[in-house]
Amino acid sequence: MGSVGIGGSHPVSIQSMTAVPTGDVRATLDQIETLKDEECDIIRVAVPDRDSLPAFAKIITKSPLPVVADIHFDAYLALRAIESGAAGIRINPGNIGSKKKLKEILNLANQVNIPIRIGVNSGSIEKKYWREKGTKAEIMVRSVMDSVRFFEDSGFFNIKISLKSSNVRETVTAYRLIDQACDYPLHLGITEAGTFFSGTVKSAVGLGSLLMDGIGSTIRVSLTEDPVKEVRVAREILKATGHRVKGIEIISCPTCARTSVDLIPIVKEVEKRITGFKTDKRIVAAIMGCEVNGPGEAREADIGLAFSRSRGFIFKKGEMVEKIAPRDAVPRLIELIKDLL
Ligand code: SF4
């Protein structure tokens, strides 16, 4: 996908989608820049109608990330988006028109050597599958595999697949089945996952389960939120599943009756201050609320901070190196994290 490898031994990449009108080139590019800074790897831009095509073409030439055109219903849009230089396109073969039109798209994509994602959502399965026997997950997989065979019969193999549902269990089952059925890279996502809170939980459970099984080559977290939050959640899921090891990981205790300081605002403050720090290393910083269990965890981290009522104890690579007044602890911790970047 442009400069980003997907599948095989390539790292699992993060995708998001712009959430401003495609016709507004400036706003779209600004959003792409912001998402790139948040470590988004690939951006998808909807091409909702023919009027959006000139703007889409401009966005592609200036975008710092590979741009995927998201197309529904109109093969003409797909053809023009490919001609404009899209790094890939996403279509639902069930709603793009006749087989002849679909073949035209495949031929053109083949000529310029770009991938196509076959993106099926449980809510948009073609009518002809509605009466089929089996679970929704099985029917989704059958419909995708029919498309895959059509693509292959047309000489097109540069395929990615997604089959999303807003039901986590159904999505996970469908991806497990498709993973058994073919070797193409899978784009993971829970569609219409919801608001920040519930969508994050659903995505973490669904995408996390699959990633832990080694399934998935690229992910998109869908939230009814600013896409910046989608990318942050995606990053955390990749970190938690061991797929993206670089970056700063904050470990903090849940607090309890032993907690010696007002720990929650302290941790939030640290989290805020490290936003935007860039590193190719994995740095673990622990912030713990007492001197009973805190030092143990703080010692395990690259940088640790454990509080007593009157002191903050700073640990570096297992050794206690400084005692500090609690009010000076956060700035000092930030300095020490910076030294490790
Ligand atoms: Fe409680 Fe200390 Fe454990 Fe934090 S580290 S939860 S304050 S015992």
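Biologist: Which residues does E38 join in a network of salt bridges?

Modeller: E38, R232 and R235 are linked in such a network. The model is a predicted one, and a search of the whole structure finds 21 salt bridges.

Biologist: What makes the contact between E132 and R142 a salt bridge?

Modeller: The test is a side-chain nitrogen of Lys or Arg within 4 Å of a carboxyl oxygen of Asp or Glu. The side chains of E132 and R142 come to 2.3 Å, N to O. That value is within 4 Å, so the pair counts as a salt bridge.

Biologist: Where in the chain do the two partners sit?

Modeller: E132 is in the loop between β5 (116-121) and α5 (136-153), and R142 is in helix α5. They are 10 residues apart, and the pair links distant parts of the chain.

Biologist: Why are E132 and R142 both called partly exposed?

Modeller: Partly exposed covers what falls between buried, under 20%, and exposed, over 50%. E132 has a relative accessible area of 30%, and R142 has 31%.

Biologist: Take K317 and D302. What makes one of them exposed and the other buried?

Modeller: K317 has 61% relative accessibility. The limit for exposed is over 50%, so K317 is exposed. D302 has 17%. The limit for buried is under 20%, so D302 is buried.

Biologist: Which parts of the chain does this pair tie together?

Modeller: K317 lies in the loop between β12 (312-316) and β13 (319-324), and D302 in the loop between α10 (294-300) and β11 (303-307). These parts are 15 residues apart in sequence. The side chains of K317 and D302 meet in a salt bridge of 2.9 Å, N to O.

Biologist: Now the spaces in the model. What lines the largest pocket?

Modeller: The lining has 25 residues, and R232, R235, E236, K239 and E271 lie nearest the centre of the pocket. Elements giving two or more residues to the lining are α7, α8 (227-240), β9 (247-252) and α9 (263-274). The largest share, 7 residues, is from α8. By class the lining divides into 7 nonpolar, 5 polar and 13 charged residues. The volume of the largest pocket is about 960 Å³.

Biologist: Why is another space called a cavity and not a pocket?

Modeller: A cavity is a set of points where a 1.4 Å probe fits but cannot get out, whereas a pocket is an open set. The structure holds 1 cavity of 30 Å³ or more. The largest cavity has a volume of about 60 Å³. Among its lining residues are N92, P93, V120, E126, Y129 and S147.

Biologist: Why does E126 count as charged in that lining?

Modeller: Glu belongs to the charged class, along with Asp, Lys and Arg, so E126 is charged. The lining of the largest cavity has 4 nonpolar, 5 polar and 1 charged residues.

Biologist: Where are F73 and N113 placed, and are they buried or exposed?

Modeller: F73 lies in the loop between β3 (67-70) and α3 (75-84). N113 is in the loop between α4 (99-112) and β5. F73 has 63% relative accessibility and N113 has 59%. Both values are over 50%, so both residues are exposed.

How values were computed. Residues numbered from 1 in each chain as written. Predicted model: local features only at pLDDT ≥ 70, side-chain atom pairs only at ≥ 80, totals over all residues. Heavy atoms only, no water. 1 Å grid on protein atoms, 1.4 Å probe; cavity = no way out; pocket = protein on both sides within 12 Å on 5 of 7 lines; lining within 4 Å. Points joined across faces, edges and corners; volume = space filled by probe spheres on them. Helix = DSSP H or I, 4+ residues; strand = E, 2+ residues; numbered from the N terminus. Buried < 20%, exposed > 50% of the residue type's maximum accessible area, 1.4 Å probe, protein only.
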